[in-house]
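Please read the following note with the sequence and the model side by side, and locate each residue as it is named.

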Amino acid sequence: MATRVRIFISAAPGEDPARELLGRALAELPVNIGWVIKRTPDIDSVAECHLYALVLGTDIWAPVGLELWWARRTEKPILAYAADAGRTPAGQAFRQENAFLDWRRYADLQALRRAFLRDTCRFL
């Protein structure tokens, strides 16, 4: 039986296209893994995941900060991606407050997809 890998993708509602793209990209990987991808605000899902991914666009919305806090508290591996875009003051503050993360910048969704797949394969 395949191992099930749980990934939590945290992002503001405006980043739904990015989250959909990442879910489809995982499904296309030629590996025998049963992916479980959570995207809904559910702190229990963060605690149960194997890998936590954060996608930051132009703005930050609740509960992304809480989800990140919980991922750190439960010592999850964190993949952090930031769009090369202007940010709202809240988005700028969030990025600065979390400067300790190894942010991967991306110019477009295809660049995000490539970076995410590369990082996920390294995790596996």
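Where is the place of Pro63?

1. Pro63 sits in the loop between strand S3 (51-56) and H3, where helices (H or I, at least four residues) and strands (E, at least two) are DSSP runs, numbered from the N terminus. The peptide bond that leads from Ala62 to Pro63 is cis, and its omega is near 5°.

2. A word on the source: this is a predicted model, in which local features need pLDDT of at least 70 and side-chain atom pairs count only at pLDDT 80 or more, while totals for chains, interfaces and linings use all residues. Residues are numbered from 1 along each chain as its sequence is written, and side-chain values use heavy atoms, with hydrogens and water left out.

3. In helix H3, which spans residues 64-73, the residues Val64, Glu67, Leu68 and Ala71 are buried; here buried means under 20% relative accessible area, exposed means over 50%, and partly exposed lies in between (1.4 Å probe, protein chains only). These residues cover an arc of only 100° around the axis, which puts them on the same side of H3, the arc being that of the directions from the helix axis to the C-beta atoms. An α-helix has 3.6 residues a turn, so residues three or four places apart point the same way.

4. Arg72 also has its place in helix H3, but Arg72 is partly exposed, with a relative accessible area of 45%. If residues up to four places away in sequence are not counted, Arg72 touches Ile78 and Phe100, where contact means heavy atoms within 4.5 Å. Between Arg72 and Ala47 there are 9.7 Å in space, C-alpha to C-alpha, and the two are 25 residues apart in sequence.

5. H3 is followed by Glu75, which lies in the loop between H3 and strand S4 (78-83). Phi of Glu75 is near 55°, a positive value in a residue other than glycine, and Glu75 is exposed, with a relative accessible area of 71%.

6. Helix H1 (residues 16-28) packs against helix H5 (residues 109-123) at an angle of about 45°, and their axes are 10 Å apart; axes are lines fitted to C-alpha atoms, for helices over the stretch in contact, and angles run from 0 to 180 degrees between N-to-C directions. H1 and H5 are therefore oblique to each other, since angles under 35 degrees count as roughly parallel, over 145 as roughly antiparallel, 65 to 115 as roughly perpendicular and the rest as oblique. The contact involves residues of H1, including Leu21, Leu22 and Ala25, and residues of H5, among them Arg113, Phe116 and Leu117.

7. Ala25, found in helix H1, is buried, with a relative accessible area of 1%. Ala25 touches Arg113 and Leu117, not counting residues up to four places away in sequence. Although Ala25 and Arg113 are 88 residues apart in sequence, they are 6.9 Å apart in space, C-alpha to C-alpha.

8. Val36 belongs to strand S2 (residues 33-38), and at 12% relative accessibility Val36 counts as buried. Leaving out residues up to four places away in sequence, Val36 touches Arg4, Val5, Arg6 and Ile7. Val36 and Phe8, which are 28 residues apart in sequence, are 8.3 Å apart in space, C-alpha to C-alpha.
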